[in-house]
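Keep the structure open as you read.

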Amino acid sequence: MSTPEANTVAEVDPAIAELSAQIAQLGVSISEAKQAKKPKEEWDPLLKEMLALKVEYKAKTGQEYGPKKEEKKPKGDNSQEASDKNKEKRAKKAAEKAAKEEKKRKQREERERREREKLEKLKNAASEDLSHVFGDAPMIQSASKSEEGINRWTRIEALSTEMEGKKVLVRGFLHTARGVGKGAFVLLRSSLYTVQCVAFESAAIPSTMIKYMTGVPVESVVDVYGTLTVPKNAVEGATQSQVEVQVEKFHCVNKATAAMPFQMEDACRPDLVKETDVGAYDHEANASSEGGRVGQETRLDHRWIDLRTPANQSIFRVQSMVCTLFREYLLSQNFIEIHTPKLLSGASEGGADVFTLDYFGKPACLSMSPQLHKQMAAACGGFERVFEIGPVFRAENSNTRRHLCEFTGLDLEMAIVEHYDEVLDVLGDLFVYIFDGLKEKCGPELQRIKDQHGFEDLQYLKKTLKIDYATGCKLLREAGVEQGDYDDLSTENEKKLGDIVKEKYNTDFFIMDKYPLDVRPFYTMPDPNNPKLSNSYDIFIRGQEILSGAQRVHEPALIEERARAWGIDIETIASYVDSFRNGALPHGGGGIGMERVVMLYLGLPNIRKTSMFPRDPRRIEP
């Protein structure tokens, strides 16, 4: 394997000749080992030895061992002339390359021309004041007002096909904004209603306006002025689907500057699974947002945004109507509305679950019921029929789906002539009036809630079903549920009883009276025929209690007797007892949890959905 160059050097120096022979022999051995497909570890030492000898060879001779690399022959006169065919190919390729270069040059020139035009437009737009057409509106500080005032604006819900061709000015939250080509499509939302607004680049609509419209952050408040038109096809995703606004002016009234904690589209998604409406409420489990769903705790942390969804807008409009109908019916029945204090010197009902506070050095608490004062007003003060809508405070560490530490009580108290059924008749008719009124006046709101939280319409009888406690317990036992006639009903058994009553009587709403005396407050009138029972009642919707009431004790001696049985210090309720010492009308009434009524009427799984800013043992913000 020696080379001519190596041989030449070897002839001069015998040591070099020996070195060359060793390198050549190692090369032969390595080649034979490779041909025999021997493992590398067998011939690798030979290779390393040969490489070391080559290094030694170069050090002694100044040359690399082996043949010199042939120099490339220069192209030129000595190269073979290309054939005529190759010449044609090269010419064709050159022509194609020239054509491509020419096309690129023209495209580059066209791009440069468009850029110059765009820059010119922007330069002209910058020099032209377009603030009257689009842009951020000045802050509204009530510095001035127009002659037309509020009548300049049209409510989104009022937009209809009858207004086609009219100029309209609408205001709302920017629900969505997207750019398509040289156009912009925005969806504007006000309370429950949405309308699509569109604009396309033209002589009157500069491209900068299109860019501005699609760049305003979602949930910003904007004013849109334009012509109301009727599109060929209904606009999907808009409540006012038969019309749209052709935008002429677009101004941002108040820009959303904070990042959205969740997307409105996610907050509006329909429920996939129907949650249970009883049992414990896990704050941590409801904090996460997965699969495009927004957790309940995340919603409550940012309630001011969550309230904007059509379903929530509807829930609290229904809630408002419940209060309106409650007040409306009772006023028609000669009740008057009163307002009782929420700062008390003792517990309202003798319980320990009250929020205590220092009242100028004296112990006090927040009212857990207007019970004592509404009795004073109706039975002792001579008003005879009173009602109140006000806050109620319960310091119960109950982390369930139906309990709150603060809720709104719908309370009523009335004098009776001979029997507490007079109260039950009023209550039954009151709720039928509320249910009928909701169906009549809240159709759109109920549909919005169904769209997201699908629920079955409440079934109720025009003449409210009334059963006694013993009958309810019997129905449970017949269904295989263990329930004693004098034992308190558990939440689970109440739900089961509701199912039984629904199947047997075809109603979700019923009254059950004659509860055991031991499970009722101290001021409850005992049953005259059975000392273990009382003249008390609860009202149920979908198997859950929404009202608790009774005929009240109006004799001072019996009030004190019952208070002592409950371990209540008479001194703490002295003014209450004294109010009955100067004559008192027989009376009864009840207390209703407003949020629970709305929750159950709408078939919702959690009372936090019907409390605008709920307070539970874990939440006191926002």
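A salt bridge here means a side-chain nitrogen of Lys or Arg within 4 Å of a carboxyl oxygen of Asp or Glu. Bear in mind that this is a predicted model. By that rule, the count comes to 36 salt bridges.

Start with Arg327 and Glu337, whose side chains meet in a salt bridge at 2.9 Å, N to O. The two sit ten residues apart, with Arg327 in helix 9 (residues 310-332) and Glu337 in strand 7 (residues 336-337). Arg327 is partly exposed, at 29% relative accessible area, and Glu337 is partly exposed too, at 27%.

Now move on to Lys342 and Glu388, another salt bridge, at 3.1 Å from N to O. This one links distant parts of the chain: Lys342 is in the loop between strand 7 and strand 8 (343-344), while Glu388 is 46 residues away in strand 11 (residues 385-393). Both Lys342 and Glu388 are buried.

Next up is Lys374, whose salt bridge with Asp411 has its closest N and O atoms 2.8 Å apart. Shared partners then join Lys374, Asp411, Glu413 and Arg552 into one salt-bridge network. Lys374 and Asp411 are both buried.

Finally, find Ser220 in the loop between helix 5 (207-215) and strand 5 (221-229). Is Ser220 buried or exposed? Ser220 counts as buried because its relative accessible area is 0%. A polar atom of its side chain lies 2.8 Å from the backbone oxygen of Pro217. Further along the sequence, Ser220 touches residues including Phe173, Leu174 and Cys252.

Conventions
Residues are numbered from 1 along each chain as its sequence is written. This is a predicted model: local features need pLDDT of at least 70, side-chain atom pairs count only at pLDDT 80 or more; totals for chains, interfaces and linings use all residues. Side-chain values use heavy atoms; hydrogens and water are left out. Helices (H or I, at least four residues) and strands (E, at least two) are DSSP runs, numbered from the N terminus. Buried means under 20% relative accessible area, exposed over 50%, partly exposed in between (1.4 Å probe, protein chains only). A polar contact is a pair of N or O atoms within 3.5 Å; within protein, one must be able to donate a hydrogen and the other to accept it, and residues adjacent in sequence count only if both atoms are side-chain atoms. Contact means heavy atoms within 4.5 Å. Lists of a residue's contacts leave out its neighbours within four places in sequence.
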